[in-house]
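User: I have a structure here and a list of terms I keep meeting. Please walk me through what makes each one apply.

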Amino acid sequence: MGRRFLFLLGSSRNESNTEMLARKAAEQLSPDVEQRWIRLTDHPLPEFQDLRHDNDHIRPADGNAALLLDATLDATDIVIASPVYWYTLSTATKHYLDHWSGWLRTPGIDFKATLAGRTLWGVSVLADEEKVLAGPLIDTLNHSAAYMDMRFGGVLVGSGSKPGDVLHDTEALTDAKTFFSQDAPLARFPYATATA
């Protein structure tokens, strides 16, 4: 099976700094790697309803939830491209990940088993030069990958506020050139890593 990258754009604005950085990284992928780009604000999901203790989980047949579920299941590599909003993921991105909880309990799709071994990546830009402030976002993605038994390629982090600012972040642009070429280890929770 060839690699199929799903880029999920979680910014509230088009052509955001985060999207620009993700596209710079994606330019380095081999031409035979399939790329699919979905802007989450163009395909909004409803507020997630926690039905984990109910029995009425059904596979979405149409609409945005079906589109995003099918795209997720089809991808070998999922790239969450979310800016840092209040030190974590954007609302659209969080809604998408919240829906994973429902998909985990949807009969017939084996969501966790299907994603196990696949790779989760992150791309993010924050309006601060201290990139350590992206830590909560990075932890969220790492922990999500660990729960799903996925590989985690890490998060490509850039700095920028005004449109196009990230194109002046030479460190992030340099990192983008090799970001997707690195080996992605199996994600681990911090307590598992400490004892490994």
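Analyst: The protein has seven helices and five strands. In sequence order they run β-α-β-α-β-α-α-β-α-β-α-α. This is a predicted model: local features need pLDDT of at least 70, side-chain atom pairs count only at pLDDT 80 or more, and totals for chains, interfaces and linings use all residues. Residues are numbered from 1 along each chain as its sequence is written, and side-chain values use heavy atoms, with hydrogens and water left out.

User: What makes a stretch count as a helix or a strand?

Analyst: Both are DSSP runs, numbered from the N terminus: helices are H or I with at least four residues, strands are E with at least two. One example is helix 3, residues 91–104.

User: Why is F5 called buried?

Analyst: Buried means under 20% relative accessible area, exposed over 50%, and partly exposed in between (1.4 Å probe, protein chains only). F5 has 2%, so F5 is buried. F7 has 0%, so F7 is buried too. Buried residues make up 47% of the 196 residues.

User: What makes F5 and F7 a stacked pair?

Analyst: Rings of Phe, Tyr and Trp (its six-membered ring) pair if their centres lie within 6.5 Å; planes under 30 degrees apart are stacked, over 60 edge-to-face, the rest tilted. By this rule there are 14 aromatic pairs. F5 and F7 are 5.9 Å apart, centre to centre, with 25° between the planes. That angle is under 30 degrees, so the pair is stacked. F5 and F7 also belong to one aromatic cluster with W37, W121, F179 and F180.

User: How do you know that Y96 and W100 are edge-to-face?

Analyst: Their planes are 75° apart, and the centres 5.9 Å. Y96 and W100 are four residues apart in helix 3, so about one helical turn separates them. Both are buried.

User: What makes R23 lie over the face of W37?

Analyst: A charge sits over a ring if NZ of Lys or CZ of Arg is within 6 Å of the ring centre and within 35 degrees of the ring normal. R23 is 3.9 Å from the ring centre of W37. K112 does likewise over the ring of Y147, at 4.3 Å from its centre.

User: Why are D74 and R4 called a salt bridge?

Analyst: A salt bridge is a side-chain nitrogen of Lys or Arg within 4 Å of a carboxyl oxygen of Asp or Glu. For D74 and R4, the N to O distance is 3.5 Å, so the pair qualifies. D74 lies in helix 2 and R4 in strand 1, so the bridge ties together parts that are 70 residues apart in sequence. D74 has 36% relative accessibility and is therefore partly exposed. R4 has 16% and is therefore buried.

User: How many salt bridges does the count come to?

Analyst: Nine. Among them is R39 with D42, at 3.7 Å between the closest N and O atoms. These two join E19 and R23 in a network of salt bridges.
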